Amino acid sequence: MSGPRGDRRATGSLPADIALTLPDGQTVRARLHARQEVADSYPWRYLVGVPSWIGCTGGVEAAEYTVWVTDRQLTPIAGVDLSGVPTRRLPGPLPRPAPGWVVRPAPGRRGRTVVHDATCHHAVGGGTELGTLEALDALMREGARACTDCDAAAVLVPALELGQGHV
């Protein structure tokens, strides 16, 4: 519901006190109004109200600045119950990000390896999961090649070629 000044908090919900760490390292007591699950590297966002002041004709007046933050900026306060804060979850299970790349021994070729996209059917059944930089490092080793049945050759080989001549 929308209240004064565009406030869209749930009717009947009570904010809970929480500690907010500001970018300069200062910690202030804020009010947690809502939490929302999102598909992102930080899976939760929190709507907090930060105490502030606004200028008016009679001087200054207490106000609240609301902003969405991640959990990295919040610290629960001992003894404060957060269970009454409205929580909105994403529908269904969250999609898992693809692990990236997998390096496996080349079949029938001792000492050689093949780098595959993690979703490649040739990567099924084991191997070592790698991030992109690790996959590029693995391809630079003697006896390594990129799989041509998946995105490994199309994505990683051009990236290696871009780096040629740069130290």
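These legends accompany several close-up views of one predicted model.

Some ground rules apply to every view: residues are numbered from 1 along each chain as its sequence is written, and side-chain values use heavy atoms, with hydrogens and water left out. Because the model is predicted, local features need pLDDT of at least 70 and side-chain atom pairs count only at pLDDT 80 or more, while totals for chains, interfaces and linings use all residues.

View 1. Helices (H or I, at least four residues) and strands (E, at least two) are DSSP runs, numbered from the N terminus. Along the sequence, the elements follow the pattern β-β-β-β-β-β-β-β-β-α-β-α. Of the 167 residues, 28% count as buried; here buried means under 20% relative accessible area, exposed over 50%, and partly exposed in between (1.4 Å probe, protein chains only). The accessible surface comes to about 11700 Å², and 54% of that surface belongs to carbon and sulfur atoms. Accessible areas come from the Shrake-Rupley method with a 1.4 Å probe, and for residues only the protein chains shown count as cover. A contact means heavy atoms within 4.5 Å. Among contacts between residues at least 6 apart in sequence, 47% join residues at least 24 apart.

**View 2. Strand β1 and its partners β2 and β5.** Two strands pair if DSSP finds at least two bridges between them. Six bridges link β1 (residues 16–21) to β2 (residues 27–37) in the antiparallel sense. These two strands form a hairpin with five residues between them, and in the turn Gly-25 has a positive phi of about 95°. Strand β1 also runs antiparallel to β5 (residues 74–76), joined by three bridges. Look for Leu-20, which stands opposite Val-28 in β2 and opposite Leu-74 in β5.

**View 3. Leu-14, in the segment before β1.** With a relative accessible area of 65%, Leu-14 is exposed. Leaving aside residues up to four places away in sequence, Leu-14 touches Gly-84 and Val-85. Pro-86 is 72 residues from Leu-14 in sequence, yet their C-alpha atoms are 8.6 Å apart in space.

**View 4. The open sheet β9-β7-β8-β10.** Four strands make up this sheet, and their pairing is mixed. β9 (128–130) and β10 (144–146) stand at the edges with a single partner strand each, so one side of each has no neighbour in the sheet. From one strand to the next, the twist averages 30°; axes are lines fitted to C-alpha atoms, for helices over the stretch in contact, and angles run from 0 to 180 degrees between N-to-C directions. Five bridges join the antiparallel strands β7 and β8, with Pro-105 opposite Thr-113 in β8. β7 and β9 are also antiparallel, paired over three bridges. Trp-101 has a bridge partner on both sides: Asp-117 in β8 and Leu-130 in β9.

**View 5. The largest nonpolar core, with 19 residues.** A nonpolar core is a set of buried Ala, Val, Leu, Ile, Met, Phe, Trp, Tyr and Cys residues joined through side-chain atoms within 4.5 Å. Trp-101, Val-115, Ala-152 and Leu-156 touch the most other members of this core. The elements that give two or more residues to this core are β7 (101–105), β8 (113–117), α1 (132–140) and α2 (151–162). The largest share, four residues, comes from α1. If you centre the view on Val-115, its contacts include Trp-101, Ala-135, Leu-139, Cys-147, Ala-152 and Leu-156, not counting residues up to four places away in sequence. Apart from this core lies another, of 13 residues, among them Leu-20, Trp-44, Tyr-46 and Val-85.

**View 6. The cysteines, in a structure with zero disulfides.** A disulfide is a covalent bond between the sulfur atoms of two cysteines. In this model, the term is applied to a pair of cysteine sulfur atoms within 2.5 Å. The cysteine sulfur closest to that of Cys-147 is in Cys-150, at 3.8 Å, too far for a bond. Cys-147 counts as buried at 4% relative accessibility, whereas Cys-56 is partly exposed, with a relative accessible area of 33%.
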